[in-house]
Amino acid sequence: MVSLPLGSGGRGAAVTMNSVMKPMGKEYSEIPYQEASLDIWDKKYRLTTKDGEPVDRTMDDTYQRVAHALADVEREEVREHWYERFLWALRHGAIPAGRVTSNAGAWEHKPATSTINCTVSGTIRDSMDDILQKVHEAGLTLKAGCGIGYCYSTLRPRGAYVSGAGAYTSGPLSFMDIYDRMCFTVSSAGGRRGAQMATFDIGHPDAMDFIRAKREHGRLRQFNLSLLITDEFMRAVREGRNWKLAFPITQRELEEEKPDLSDAEHFVWREWPVQDGYVVNDVGQVACRVYKTLPARRMWDVIMSSTYDFAEPGFVLIDRVNEMNNNWWCEDIRATNPCVTADTRLATQFGMVRIGDLYDARVDIQATVDTRALGGAAGVTVRPALPAFMTAPGADVYRVVTEDGYEIKATEWHDFYTRRGKIKLRDLEAGDELLIQSGKGQFGGCGSEGL
């Protein structure tokens, strides 16, 4: 698979300058390393044996190790050339992100580590089995040195009834505590603080608890927290309206309780990242039970005061993220790194180019985008595309073929727009009608194709 990063930032974009670079034709002077800088290099990035004996005797040894690792993926006849170029860049201030500096070229001493800084968990399903499975996967990810992000608003709110257990759930934040302790334990064993990101939907009944979470001393200290802010919520803030906090109703609850879903005071229809087992309408929205209603501006004030006083939670305009995503028509992002197979073609200034070819691209790429994704009328524009990188090794990839020969390859969790609404690839059935693209990479007026 190949991932297209939505942007840079955080741990994945760390760059350190160790000298003042000279303008053309002028002299410059080296800035000596501070004692703290040398200590950080020694504690976090210097390669040592299991007995603590330094393999990297000096910082330049670290540069050479990393440069060799970067050059080793090139053709043999040009490796030395690229080794010298990478080493020059490292010596002149271009320092890669932490996991690259720490783990590149270190396979002999720590083969189970990764050079990937940041990853995103699969969707956490609202079941104890999947919650604990994702804890297991996250533990292995953190053990390899990667940071990991999750969306927790797919878990039912505190106080909701769990029919299988005959009890009431303690809510998503209590499960976040489990992930927090796991991360603390794994990072303590590895001698490096783990990094986790938690996102949470502004429409979830426990959103206010999430906003205030860091006010509690010592809680969720292995997490950065960010709210997923929708356009609907922002309109409610601007217009001074109330905001409904709601969570999906299951098919079982519908059959047992037979509620009136047309009652707008107690039920709303919203986009939701999980549809299995829930009540879904013809346009792919999920029926959500309203748990409480608050003034939108009251929530806004609490968010702003928490951000000012505690520097969290962060603020992710999730609808805008999805609108700006080149793959907006087939996936719903709750975190970064959307992925497609390497042979997927992207409309660029060079024509239709395989995504896999962008992995090793040496030129700037401009991708064709449907302007409806930018909030305008239908049309064509171009936008710069960031470099692609490999991800999800070993993930099963499936081929979906329509009656007229259109085909797309994707993993089982990718979404498709059908006459039944938005559903996962694994839930597609023979006879489903898919909305397809036509024209210059955009949806056209041709309707749908049958599987």
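**View 1. Q196 sits in strand 6.** This is a predicted model, where local features need pLDDT of at least 70, side-chain atom pairs count only at pLDDT 80 or more, and totals for chains, interfaces and linings use all residues. Residues are numbered from 1 along each chain as its sequence is written, and side-chain values use heavy atoms, with hydrogens and water left out. Helices (H or I, at least four residues) and strands (E, at least two) are DSSP runs, numbered from the N terminus. Q196 has a relative accessible area of 3%, so this residue is buried; that label means under 20% relative accessible area, with exposed being over 50% and partly exposed in between (1.4 Å probe, protein chains only). The side chain of Q196 reaches that of Y150 through a polar contact of 2.6 Å. A polar contact is a pair of N or O atoms within 3.5 Å; within protein, one must be able to donate a hydrogen and the other to accept it, and residues adjacent in sequence count only if both atoms are side-chain atoms. Beyond its neighbours within four places in sequence, Q196 touches L142, I148, Y150, Y179, D180, M182, C183, Q222, F223 and N224. Contact here means heavy atoms within 4.5 Å.

**View 2. Strand 6 has partners in strand 3 and strand 7.** Two strands pair if DSSP finds at least two bridges between them. With strand 3, strand 6 pairs in the parallel sense over four bridges, and I148 has Q196 as its bridge partner. With strand 7, the pairing is again parallel, over six bridges, and here Q196 stands opposite F223. Because five of its six residues are buried, strand 6 is largely enclosed by the rest of the structure. Strand 7 is mostly covered as well, with six of its seven residues buried.

View 3. Axes are lines fitted to C-alpha atoms, for helices over the stretch in contact, and angles run from 0 to 180 degrees between N-to-C directions. Over by strand 11, four bridges link it in parallel to strand 7 (residues 223-229), and V316 is the bridge partner of L228.

View 4. Strand 9 is joined to strand 10 (residues 286-295) by four bridges, antiparallel, and W269 has A287 as its bridge partner.

**View 5. Helix 8 and helix 10 cross.** Two packed helices are described by the angle between their axes and the distance between the axes. For helix 8 (residues 231-239) and helix 10 (residues 296-310), the axes come within 8 Å and cross at roughly 105°. The two helices are therefore roughly perpendicular to each other; that label covers 65 to 115 degrees, while under 35 counts as roughly parallel, over 145 as roughly antiparallel and the rest as oblique. Helix 8 brings F233, M234, A236, V237, R238 and E239 to the contact, and helix 10 brings A296, R297, M299, W300 and I303.

**View 6. Stepping back to the chain, residues 1-28 and 438-449 have pLDDT below 50.** pLDDT is the predictor's confidence in each residue, from 0 to 100. The chain averages 79, and 75% of the residues score at least 70. Over residues 1-28, where pLDDT is below 50, the model still has 81 contacts beyond near neighbours in sequence. For residues 438-449, the model has 32 contacts beyond four places in sequence. The secondary structure comes to 12 helices and 23 strands, and 41% of the 451 residues count as buried. Of the contacts between residues at least 6 apart in sequence, 59% join residues at least 24 apart.
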